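I opened the notebook to record what I looked up in this structure, entry by entry. The sequence and the model come first.

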Amino acid sequence: MGVIPKGGPNTGNAQKLIAFLNRAQIAAAFTQTTGYPGPNSNQLKYLPPDLAPLLSINPVNASKFIIDDFTWLQTKRPDGKSNEDHIQERWLAWRAA
């Protein structure tokens, strides 16, 4: 839920802020406000029962994860387009149909 630039000012306070934001109850409030679950699966017990099953941090959903392969996405195809561009074009064509 955040990045601290190396050598930046107030890195100690930045670490405290990130630790605060990653507390289970705070993370749950963030998830309810933004819809983004963040990395803290301990927050599940503080979320409404109908929301927790929908989140990627729910252990039940772990087997359904698709991990991006950024190297493959950026690889150029014989037509000069990246795989990512090709997928985007196919998605837009499918959606328009």
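Is E89 buried, partly exposed or exposed, going by its relative accessibility? I found that E89 counts as partly exposed at 39% relative accessibility, where buried means under 20% relative accessible area, exposed over 50% and partly exposed in between, with a 1.4 Å probe and protein chains only.

Before going on I noted that this is a predicted model, in which local features need pLDDT of at least 70 and side-chain atom pairs count only at pLDDT 80 or more, while totals for chains, interfaces and linings use all residues. Residues are numbered from 1 along each chain as its sequence is written, and side-chain values use heavy atoms, with hydrogens and water left out.

Entry on charged pairs. I searched the whole structure and noted 2 salt bridges, a salt bridge being a side-chain nitrogen of Lys or Arg within 4 Å of a carboxyl oxygen of Asp or Glu. One of them joins the side chains of E89 and K81 at 3.0 Å, N to O, and K81 is partly exposed with a relative accessible area of 32%. In another, the side chains of D79 and R77 meet at 3.9 Å, N to O; I listed D79 as partly exposed at 47% and R77 as partly exposed at 26%. As background, side chains of opposite charge can pair when their charged atoms come close.

Entry on N83. I placed N83 in helix α4, residues 83-96, helices being DSSP runs of H or I with at least four residues, numbered from the N terminus. N83 is buried, with a relative accessible area of 7%. Leaving aside neighbours within four places in sequence, I found N83 in contact (heavy atoms within 4.5 Å) with W72, L73, T75 and R77. A polar atom of the N83 side chain lies 2.8 Å from the backbone oxygen of W72.

Entry on N61. I located N61 in the loop between α2 (24-34) and α3 (70-74), where N61 counts as buried at 12% relative accessibility. The backbone oxygen of P53 lies 3.1 Å from a polar atom of the N61 side chain, and N61 touches P53, L54, L55 and S56 when residues up to four places away in sequence are not counted.

Entry on the nonpolar core. I listed A28, L44, L47, A52, L55 and I57 as the largest nonpolar core, 6 residues in all, the term meaning buried Ala, Val, Leu, Ile, Met, Phe, Trp, Tyr and Cys residues joined through side-chain atoms within 4.5 Å. For A28 I noted Q43, Y46 and L47 as residues touched, not counting those up to four places away in sequence.

Entry on aromatic rings. I counted 2 aromatic pairs, for which ring centres of Phe, Tyr and Trp (its six-membered ring) must lie within 6.5 Å, with planes under 30 degrees apart called stacked, over 60 edge-to-face and the rest tilted. F30 and Y36 form an edge-to-face pair, 6.4 Å centre to centre with 90° between the planes. I recorded F30 as partly exposed at 32% and Y36 as exposed at 52%.

Entry on N10. I found N10 in the segment before α1 (11-21), with a positive phi of about 60° although N10 is not a glycine; N10 counts as exposed at 56% relative accessibility.

Note on methods:
Helices (H or I, at least four residues) and strands (E, at least two) are DSSP runs, numbered from the N terminus. A polar contact is a pair of N or O atoms within 3.5 Å; within protein, one must be able to donate a hydrogen and the other to accept it, and residues adjacent in sequence count only if both atoms are side-chain atoms.
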